[in-house]
Amino acid sequence: MPADVVIAGAGPNGLMLACELKMAGVQPLVLERLRERTTEQRANGMVGQVVRMLDRRGLYERLTGDSKPPRPAPGFVFGAMPLDLSVLDDNPLYAMMVPQRRVEQVLEERAVELGVEIRRGHELTGLSQDDDAVTADVTGPDGPYRLRVPYLVGADGGRSVTRKLAGIGFPGVTRDTTVSRSAHVTVPAAMVDPATGGLNVPGYGLIPPFMHHRTERGLFVFAPFSTGSPLVSTTEWDPAAAAVESTLTIEELRESAGRVLGADVPLGPPEGEGPHLMRRLSGVNTRLAERFRDGRVLLVGDAAHVHSAIGGPGLNLGLQDAVNLGWKLAAEIRGWAPPGLLDSYETERRPASSRVVMHTQAQSALIAPGGEVTALRELFGELLRDRGNIQRIADMMSGADIRYDMGTGDAHPLIGRWAPDLLLAAEDGPVRLAELTRDARPLLLDLTEDGALAEELSGWRDRVDTVTARPAGTATAGGSTTPVTALLLRPDCYIAWASSSPRPDSGEREALHAALSRWFGAAESPVVAAAPGGLS
């Protein structure tokens, strides 16, 4: 077989999955219909836990050029309503303003560095599967050919050919009553507020930057990026306009902005080199695949779920699909996966996807026109002055509220949650947990008094790494006071077992063995192994 896994689609989700699989010791092959990376302007950045996940793979600095760790956003929006995140002790919402085409470039470079083969101009056209493998029909520049591989993953977007060929249903709703217009433009310099970067519209007032701004007639966004021309977007509830198929013009966008704001916004063509966005989108699709796995065929990203882009959840959701699936699929292929491990991909990620569908639909309701919606927003605005409500929404939008079932009940408040950002003491200065997860392997982090937990891994040393260290200060979970003395991390950085005991007792050690077996397979016969890693 030419590869262990064929991935259909070389967008961010497919490339991230390819990197995860390769680091886990299996060989992916990526097929991409397009001959070159698209220059089309898509997402303008990422929001949510995925920003820290990229940091834990060593990709954040490559994407941003910033050598410092990611920092939480001081504010954001929910349904075009401001969220003051500065009041939170534990702010989980991170943002990274990097265009999607740059994300794809960096992920492709990383995949190639790891030895992943990417075939551009090769399109999946058919598939069949049996108990042993998937047979994929592919059309490439030199004509059709056939591949037989153990697994195939569809990362080929909302119109996924993989999903259709596998016969996986995609139920949901399509609302065709809205039309959204977006374009890079120029605006008179005198209209840009020097203090905030917002847009001062004569006859209307100041519009804050990078925030959805709702009126009774629609939605307006002014996004003055640090490089290039600013982006202006409008959304109107106009079924007649949604049926228009001609190319968007700057004048059409200006007229739309005038209707939304009730005041003229003089817009001009963008300056400098592109690519420049000029896009009209009609309607909104909200759909969730009936299942994320059909035998040896799996789906990630938009192939499994589509929803409104409001709040920017798409890449946060899709890239975490890839990180969740990668190590599980690799374990299945390499032969050490415990029963049910691969099925847990759907068990964990489909509810996460359903939650994103829910909150994007809720936000879409909050931005709709009408007096009733305005009254709802007034009430909701009062609720958003409560710190607990802000925390709940920030956790939901970032994905920090996810708690997977690790099969151990509530033995520790951290089990099932994403690992907190810990600082560990080292001779050359503090080391962040993110620096220990770059190779995407399971990790036992031992901060206990005697550092003796490594001996519990004698049957798993081929699959699980151990780091014995001391915390730089007091190790606690996020904004809580829960102490942390040991963590067993899955490769996706979710915690399979945790302890707060300086010296875990026999019961906790038995629970550690159970977690190791549940997620990383049966123990091998003990062998003489190298000493665990440590931070001196």
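Ala 440 sits in the loop that links β23 (431-432) to β24 (443-446), where strands (E, at least two residues) and helices (H or I, at least four) are DSSP runs numbered from the N terminus. This is a predicted model, so local features need pLDDT of at least 70 and side-chain atom pairs count only at pLDDT 80 or more, while totals for chains, interfaces and linings use all residues. Residues are numbered from 1 along each chain as its sequence is written, and side-chain values use heavy atoms, with hydrogens and water left out.

Although Ala 440 isn't a glycine, its phi is positive, near 60°. Ala 440 is also buried, at a relative accessible area of 7% (buried is under 20%, exposed over 50%, partly exposed in between, with a 1.4 Å probe and protein chains only). Phe 210, not a glycine either, has a positive phi of about 60°. Phe 210 belongs to the loop between β14 (205-207) and β15 (213-215), and with a relative accessible area of 40% Phe 210 is partly exposed.

Now for a pair of helices. The axes of α8 (residues 314-334) and α9 (residues 344-367) come within 10 Å and cross at roughly 175°; axes are lines fitted to C-alpha atoms, for helices over the stretch in contact, with angles from 0 to 180 degrees between N-to-C directions. That makes α8 roughly antiparallel to α9 (over 145 degrees; under 35 is roughly parallel, 65 to 115 roughly perpendicular, the rest oblique). Contacts, meaning heavy atoms within 4.5 Å, involve residues including Leu 317 and Lys 328 in α8 and Tyr 345 and Val 356 in α9.
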